[in-house]
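The sequence and structure go in first, then my entries.

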Amino acid sequence: MDEPGRKEPHLGGNPYAYPTAERAAINVASAPAQADKHRSPVVFTASAGEYFRIWIVNLALTILTLGIYSAWAKVRKKRYFYSHTRIDDDGFEYRGNPVAILKGRIIAVILLAIYSFAGHFSPALKIVFVILLAIAVPWLIVRSLAFNAFNSAYRNIRLHFGGTYGECFKVIVLYGLLTVISLGIGYPYLKAQLIRFAARNHHYGTTQFEIGSLTRSFYRTYLKAFGVLILSFIVLGITVAVLSFGLRVGNRGALPMGVGIPFAVAGYGGYLLLFAYLRARISNLTFNAITIGPVQFESTLRARDLAGLYVVNIVAIIATLGLATPWAVVRTLRYRAGKTILLVAGGLDSFVAGQARQVAATGEAVGEMFDFDIGL
Amino acid sequence: MTEFSAVYYDGRTSARTPVRVRALDHSLHLVGAELNIEVPFADVRVDARVGDTRRILSLPGGAQLHTDDHAALAALFPRANRLEAWVHELERRWGYALAALMLIAGAAWWSVTLGLPVVAKWVADFVPIDIEARLGAETLYALDKSLCTRSALGADRQQALQKLLGTLTSGLNDRYPYHLEFRACGAVGPNAFALPGGAIVVTDALIKLAQNDPQIAAVLAHEIGHVRRRHGLRLALQSAGAAALIAALAGDAVSITGLAVILPTALLQNGYSREFENEADADAFRRLKAIGLSPKYFAEIMMRLEDYHAKTGGRQDGDTRDTATGKGALDYLSTHPATAERIARALANQ
């Protein structure tokens, strides 16, 4: 579905959950260049109780209408979150048209049905479909970003996404191949290029987003994560070895079953921590590199906060059979907003609107259905 | 006269102009610093209300008014966005939220217990038999790779049992190429599995456990029921459907909650296969009678299986084994209906 807590938000597309990057608050405070800038925090004012009622009523209506209402449900939920994301007391506005979204979803469902049936009847057909999908992916990404941008506004000025298929194709296919050939070493570069592509093609009115280079900092981040991963594998290996020596004396055989459980818990916890670390760092680095006219960002997400948030969310959602979902989404968004501050030189009054063309929702809906997002 | 405060955005720049809005003679009069505009009501579009979020009024030429004064807007535009205004009324009250919750729970329960099986059966009917047979062949391959090895049964005995299956399936007229696959599957114990597409795997231990051929026939008749009713394929489809449904309901959550989907799906699968066992049993009784055998042989082999498992104390999962105690609420969680119940039914069907 479309909740921002689940996907990393698109740049500008989901303004209530601004992406991210870590720049320690002390650094910023000590930088003299920032001194004359006005600090405008992103404020998230949604309430979990109110969102729960919206969520559950819209889910019930979706079921009653056999899914047709889902487009309206999506728009209402998005409008709720956009409006509750405020900068300088002004909320964001989501203008998505439910009918356009419904059309996109119908097309997406048909494609998904063809895809799953093709696989059952003929593997060759499935390969053809996968190739077609690969050709379509850049188009889907571009359309999806364009639709979200076109339907997002702040102070009655729309966002606009001007990226082209060709440019997106180059990033994904070329750098994607490079990543595969280099056995993954190129991945941080791919990720950095993809985020740069998404960011610098966004406009707020006529003001184009600018973004600094991310490659070096991304490499540093991924290397660190990779190092921690290797280290924990070594530690785990040694632990298993030591344990099996110790127990073999009395038991003469494999490890008893119970020993596996702490390892499984440690493994899942480690995965979660690494996931949170990458998400926090990549988000912080991205946002702190972006400039929109007189506006810069200070994003200070912390990995351990995010990891704690995720753990509590998962436990709460499982324990309540899913009913805690709205609460989990709201608190995640509130945390993200609370760690994002705008540094504004002058004021926010001087942005000028641009010409915007209507965008169909197909790309966004199909992308949603096949569950890929470019993870900003 | 209605009057409210708002902020005016002209749509050309991001500058904000606080204004006082008065409603007079079917028009809105906007008054602010260097601003004095009159807009007829008919040209104003009001957005639908979502929660207590700020309202946006769209004016001609792309300008907007933003205001928190819901009462004033309700008085001025009582008929705007009828449908979504109604949805908003539902969203406002906890009572409706509770009703929605019960509706969702009911719908989920209904689709899991009634809807999904019907849809899965409908979809399964579209799958050609040769594709089903391919699925079965893949399953057999997996069994051979993991649990089973070649049967030690003599060729004569194998042929006799194939003939027995032929007797059982003669006149069924359902185009399935029924045949037995003999295997020695140590860990599985005495057992038989129906694979999609017509193959029936029989373990050597089962042949050894049976005292006579009619008892084997009873087991085969049960497995034929599974094949004919496409239980394997339907079970796979139903489980996939249930997983998709649960994912759709809980899908709003953070992506790493996949675990929350796996657990309920596994529980549901148990409930489904239990129903299929009952169906296959009923088929078996009918089949046995059709070729002149009594369903009491089914009861006999079930008792022998139960004795076997009681003796070995084995906790292996098998197709024809079950706990005699699983009754009541927990019954739905057990793979097979309680054995005692099945034996009683077989005896009642003599």
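My entries follow, starting with the two chains and ending with single residues.

**Overview**

I noted at the outset that this is a predicted model. I counted secondary structure first: chain A has 12 helices and 10 strands, and chain B has 11 helices and 11 strands. Then I checked burial. In chain A, 47% of the 376 residues count as buried; for chain B it is 34% of 350 residues.

I also looked at how far along the sequence the contacts reach. Taking contacts between residues at least 6 apart in sequence, 74% of those in chain A join residues at least 24 apart. The corresponding figure for chain B is 59%.

**Where the chains meet**

How many residues of chain A are in contact with chain B? I get 44 residues of chain A against 35 residues of chain B. On the chain A side, the elements giving two or more residues are α2 (48–64), α3 (70–83), β3 (90–94), α9 (260–289), α10 (303–319) and α11 (325–338). The largest share comes from α2(A), with 10 residues. I sorted this side of chain A by class and found 23 nonpolar, 12 polar and 9 charged residues.

**A helix crossing in chain B**

Next I went to α7(B) (residues 213–228) and α10(B) (residues 296–312), whose axes come within 8 Å and cross at roughly 90 degrees. Angles from 65 to 115 degrees count as roughly perpendicular, so that is what I call α7(B) relative to α10(B). From α7(B), the contact uses Pro214(B), Gln215(B), Ala217(B), Ala218(B) and Val219(B). From α10(B), I listed Tyr297(B), Phe298(B), Glu300(B) and Ile301(B). The residues of this contact divide into 7 nonpolar, 1 polar and 1 charged.

**Helix α5(B)**

I checked the length of α5(B), residues 155–169. Its 15 residues should span 21 Å at 1.5 Å a residue, and the end C-alpha atoms are 21 Å apart, which agrees.

Which residues of α5(B) are buried? They are Leu165(B), Leu168(B) and Thr169(B). Looking down the axis of α5(B), I see the buried residues within an arc of 90 degrees, so they line one face of the helix. On the other side, Asp156(B), Gln159(B), Ala160(B), Lys163(B) and Gly166(B) are exposed. After α5(B) comes Gly171(B), with a positive phi near 80 degrees.

Lys163(B) has 10 other C-beta atoms within 10 Å, and the cut-off for exposed is 12 or fewer, so Lys163(B) is exposed. I also checked Lys163(B) against His179(B): they are 16 residues apart along the chain, and their C-alpha atoms are separated by 9.4 Å.

**Two leucines with positive phi**

Last, I looked at phi in chain A. Leu66(A) has a positive phi, near 55 degrees, in a residue other than glycine. I place Leu66(A) in the loop between α2 and α3 of chain A.

Leu183(A) also has a positive phi near 55 degrees. Leu183(A) is in the loop between α6 (165–181) and α7 (187–200) of chain A.

Are these leucines buried or exposed? Leu66(A) has 8 C-beta neighbours inside 10 Å and counts as exposed. I find 8 such neighbours inside 10 Å for Leu183(A), which counts as exposed too.

Technical notes. Residues numbered from 1 in each chain as written. Chains lettered and ligands numbered in written order. Predicted model: local features only at pLDDT ≥ 70, side-chain atom pairs only at ≥ 80, totals over all residues. Contact = placed C-beta atoms within 7 Å. Helix = DSSP H or I, 4+ residues; strand = E, 2+ residues; numbered from the N terminus. Nonpolar A, V, L, I, M, F, W, Y, C, P; charged D, E, K, R; others polar. Axes fitted to C-alpha atoms, helices over the stretch in contact; angles between N-to-C directions. Parallel < 35°, antiparallel > 145°, perpendicular 65-115°, else oblique. Expected span 1.5 Å × (residues − 1). Buried ≥ 20, exposed ≤ 12 C-beta atoms within 10 Å, placed from the backbone. Arc of directions from axis to C-beta.
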